[in-house]
Amino acid sequence: MGEKHRVRFEPVGIEIEVDEEQTVLRSASEQGLMLMHGCKEGQCAACKSFVLDGDDIELDRYSTFALPDYEKEEGFTLLCRAHVYEDVTIELLNYDEEILRSGLPIQNAVAEVVSIDRVTHDLRHLVLRLIEPAEITFFPGQYMDIKVPGTDVTRSFSMANTSSKENGRLEFVIKVYPDGVFSSFLDGTLKAGDRLDLTGPFGVFTLRDAPDRDLVFVGGGAGLAPILALLRSMAERGIERKAVFYYGARTAKDLCFVEEIQALADKLPGFRFVPALSEPVEGEDWDGEVGFVTDVVRRHEADLQRAHAYLCGPPPMVEAAMPLLAQLGTPEKHIYFDKFTTTGGED
């Protein structure tokens with residue numbers, strides 16, 4: 001390990017020590033500090049912050065879409081890419097005081113594959129059982145990094161279940177991409193009984209405590225996983241907030257877990273599930289909503305001033321949904337999102 005330096009976060013007044021060989025975000029996560037972040041790869045800008053004091057900061061490779069050169073020159077940085085070589089003070093631009101100090105330190109783990117089920121043509125339901133440790137504590141909506149054996153490649157996947165406490169299991173819904181490194185491994189090599197190395201939990205896509213606020217969930221593709229975890233958690237905890245889940249798919253064959261989600265209405269009295277197909281196949285048995293999921297939200301919702309919104313799915317969906325929700329009155333600070341980025345053709 002390298003030399004350590006002090007990093008102070010404003011306006012919250014929290015200080016941590018960060019090793020030169022670690023990014024600021026990684027070090028904060030290991031110390032249980034839940035800074036806002038998304039991809040951890042310098043692509044989504046969720047962790048963008050401003051350097052108030054200190055100059056000796058180097059960034060790992062990142063996208064200039066997340067941090068344009070002019071912003072870097074002005075003093076902005078990406079915490080998921082930043083290495084500090086002196087004491088620095090950083091202003092957090094995007095943070096949630098409610099969860100900032102409620103973090104769980106990340107852990108390394110080994111898990112065994114229980115099952116891999118093909119739930120649609122491009123979604124896989126992967127179930128793992130933790131070996132060491134036998135349990136990992138996480139908040140519903142968080143994710144783990146899974147390593148492809150024999151490589152340095154890791155991919156991030158959200159848990160669809162709410163806890164590993166009872167049986168040590170972690171459940172994922174994973175989208176496969178043509179020629180993707182993890183996708184090829186998942187579909188072509190991985191089998192029941194194999195072991196995988198995991199690291200986590202990461203992420204801040206967790207349910208905020210606001211019993212007087214309605215909930216709007218908008219998802220697509222593998223964005224189903226963390227939203228399913230939040231809904232399952234609500235049912236387990238007896239949370240009766242009015243909630244609606246808009247889920248976008250191309251055709252009826254691209255829908256999965258429909259029966260379980262619909263059955264949640266028995267435990268969640270104020271819950272509605274609204275699936276929508278953007279490209280329904282002629283002759284398909286479908287009498288539900290048709291169109292892009294954001295268009296369906298627009299048709300169904302008129303006033304979301306008192307709502308909390310949770311978005312998870314492909315970047316185009318999230319990028320279209322965020323301004324729409326704002327137009328419908330949802331306060332920006334109450335729009336929470338996981339925007340899946342792609343690395344080498346897969347998430």
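Q: By class, what lines the second largest cavity?
A: The lining of the second largest cavity has eight nonpolar, two polar and one charged residues. Here Ala, Val, Leu, Ile, Met, Phe, Trp, Tyr, Cys and Pro count as nonpolar, Asp, Glu, Lys and Arg as charged, and the others, Gly among them, as polar.

Q: Okay, and what sort of model is this?
A: It's a predicted model, where local features need pLDDT of at least 70 and side-chain atom pairs pLDDT 80 or more, while totals for chains, interfaces and linings use all residues. Residues are numbered from 1 along each chain as its sequence is written, and side-chain values use heavy atoms, without hydrogens or water.

Q: Back to that second largest cavity: which residues line it?
A: You'll find L35, M36, A46, C47, K48, S49, L79, L92, L93, N94 and Y95 around the second largest cavity. A cavity is a set of points on a 1 Å grid over the protein atoms alone where a 1.4 Å probe fits but cannot get out, and lining residues have an atom within 4 Å of a point.

Q: What's the volume of the second largest cavity?
A: About 50 Å³ for the second largest cavity, a volume being the space filled by probe spheres set on the points, which are joined across faces, edges and corners.

Q: How many cavities are there of 30 Å³ or more?
A: The count is two cavities of 30 Å³ or more.

Q: And the largest cavity, what volume does that have?
A: The largest cavity comes to about 80 Å³. It has 13 lining residues, and S29, L33, M34, L104 and P201 are the closest to its centre. By class, seven residues of this lining are nonpolar, six are polar and none is charged.

Q: New topic. How many salt bridges do you get?
A: There are 19 salt bridges, counting a side-chain nitrogen of Lys or Arg within 4 Å of a carboxyl oxygen of Asp or Glu.

Q: Which residues are linked in a network of salt bridges?
A: R6, R8, E10, E15 and D87 form such a network. Within it, the R8 and E15 side chains meet at 3.0 Å, N to O. R8 has a relative accessible area of 25% and is partly exposed, as is E15 at 43%; buried means under 20%, exposed over 50%, partly exposed in between (1.4 Å probe, protein chains only).

Q: What does R232 pair with?
A: R232 forms a salt bridge with E260, and their closest N and O atoms are 2.7 Å apart. This pair links distant parts of the chain, 28 residues apart: R232 sits in helix α5 (residues 224–237) and E260 in helix α6 (residues 258–263). Helices (H or I, at least four residues) and strands (E, at least two) are DSSP runs, numbered from the N terminus.

Q: Is R232 buried or exposed?
A: R232 is buried, at 13% relative accessible area, whereas E260 is partly exposed at 28%.

Q: What about R299, what does its side chain meet?
A: The R299 side chain meets E289 in a salt bridge of 3.0 Å, N to O. R299 lies in helix α7 (residues 293–300) and E289 in strand β17 (residues 289–290), so the pair ties together parts ten residues apart in sequence. E289 is partly exposed, with 23% relative accessible area.

How values were computed. On a 1 Å grid over the protein atoms alone, a cavity is a set of points where a 1.4 Å probe fits but cannot get out, and a pocket is an open set with protein on both sides within 12 Å along at least five of seven lines; lining residues have an atom within 4 Å of a point.
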